[in-house]
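Okay, everyone, thanks for coming. Let me put the structure up on the screen, and then I'll talk you through it.

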Amino acid sequence: MADQAPAGQAQGRSPAGPSPLGGSPGEPVGPGAPVTHLLYLHGFRSSPLSTKAQLVGRWLAAQRPEVHFWCPQLPPSPREAMDLVFNGIADWPRETMAVVGSSLGGFYAGVVAEKLGCRAVVLNPGVDPARDLARYIGEQTTWQNPEERFFFRAEYVDELRAMTPPVLTRPERYAAVIAKGDELLDWREMTARHAGATTLLLEGSDHAISDFPQHLPFVLRFLQLTP
């Protein structure tokens, strides 16, 4: 459930080409008003230096600098990670904020969206991280800096299990990018979990969505950030 792509591949410009959503370029897709505050949550063993986080942040800085963007370094403990996130966004406007999350961060994005009622975009999201991450208990390294080490403890599995939302109460608040070529997570399980969401199902790709620049327009249009 890691966001594995190297940070050096990120590009600081908006990808060219037609939107994967189809329809007219000006047709709104995501619900609600344009996003003014955007939270990005990285995956397991990842960091704010992940390719997708960097790409989103650079696009916003270049094209929509008025949008407040925050991509925190999440601690290994899921409980501490959520405490950090909810404290950091406590004064954000619920109606114009959104969260984007990749892998484990996609699971966290669901936790945030279900608690606050905001919009969420999930990228190959974890569905049952308590199950999937149990085999990673022990010392781990980060993808962007292999010299950086942390411990994933057994109690963190229990923390994940305790915070798992039973269902997505309003799937129309969600958009999902799901790759059939994901080598770590089952695309069928991800799709079933997000039934009713605005979904871009990729025939290939991989867990890291290495071709994410091609799919950024889908994310931006759902968040009402492009005309």
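I'll start with the overall picture, go on to the helix packing, and finish with a few single residues.

A bit of housekeeping before that. What you see is a predicted model, in which local features need pLDDT of at least 70 and side-chain atom pairs count only at pLDDT 80 or more, while totals for chains, interfaces and linings use all residues. Residues are numbered from 1 along each chain as its sequence is written, and side-chain values use heavy atoms, with hydrogens and water left out.

So, the overall picture. The protein has seven helices and eight strands. Those are DSSP runs, H or I of at least four residues for helices and E of at least two for strands, numbered from the N terminus. Of its 227 residues, 52% count as buried. Buried here is under 20% relative accessible area, exposed is over 50%, and partly exposed is in between, with a 1.4 Å probe and protein chains only. The accessible surface comes to about 9700 Å², and 53% of that belongs to carbon and sulfur atoms. The areas are Shrake-Rupley ones with a 1.4 Å probe, and for residues only the protein chains shown count as cover.

How about contacts along the chain? If you take the contacts between residues at least 6 apart in sequence, 72% join residues at least 24 apart. A contact is heavy atoms within 4.5 Å.

Now let's go to helix 7, residues 212-222. How many of its residues are buried? Nine of its 11, so to speak mostly covered. The buried ones are Phe212, His215, Leu216, Pro217, Phe218, Val219, Leu220, Arg221 and Phe222. And what covers them? The cover includes helix 1, strand 3 (97-102), strand 4, strand 7 and strand 8 (198-202).

Let's take helix 1 out of that list, residues 51-63. Two packed helices are described by the angle between their axes and the distance between the axes. Helix 1 and helix 7 pack at an angle of about 55°, with their axes 11 Å apart. That makes helix 1 oblique to helix 7. For the cut-offs, under 35 degrees is roughly parallel, over 145 roughly antiparallel, 65 to 115 roughly perpendicular, and the rest oblique. The axes are lines fitted to C-alpha atoms, for helices over the stretch in contact, and the angles run from 0 to 180 degrees between N-to-C directions. The crossing of these two is right-handed, that is, the near helix is turned clockwise from the far one by less than a right angle, with anticlockwise being left-handed.

Which residues meet there? From helix 1 we have Lys52, Leu55, Val56 and Trp59, and from helix 7 Phe212, Pro213, Leu216 and Leu220. By class, that contact has seven nonpolar, no polar and one charged residues. Nonpolar means Ala, Val, Leu, Ile, Met, Phe, Trp, Tyr, Cys and Pro, charged means Asp, Glu, Lys and Arg, and the others, Gly among them, are polar.

Next pair: helix 2 (residues 78-88) and helix 5 (residues 154-163) pack at an angle of about 55°, with axes 8 Å apart. That makes helix 2 oblique to helix 5. Pro78, Arg79 and Met82 in helix 2 meet Tyr156, Glu159, Leu160 and Met163 in helix 5. The class count for this contact is five nonpolar, no polar and two charged residues.

On to the single residues. Just after helix 7, Gln224 takes a positive phi of about 60°, and Gln224 is buried, with a relative accessible area of 14%. Asn124 also isn't a glycine, yet has a positive phi of about 40°. Asn124 sits in the loop between strand 4 (119-123) and helix 4 (129-132), and is buried at 0%.

Then there's Thr141, in strand 5, buried with a relative accessible area of 17%. Leaving aside neighbours within four places in sequence, Thr141 is in contact with Arg45, Pro146, Glu148, Arg149 and Phe150. Thr142 is in the loop between strand 5 (138-141) and strand 6 (149-152), and counts as buried at 6% relative accessibility. Setting aside residues up to four places away, Thr142 touches Arg45, Glu148 and Phe150.

Last one: where is Leu185? In the loop between strand 7 (174-179) and helix 6 (187-193). Leu185 counts as buried, at 8% relative accessibility. The C-alpha atoms of Leu185 and Asp206, 21 residues apart along the chain, are separated by 9.6 Å.

That's my tour, thanks.
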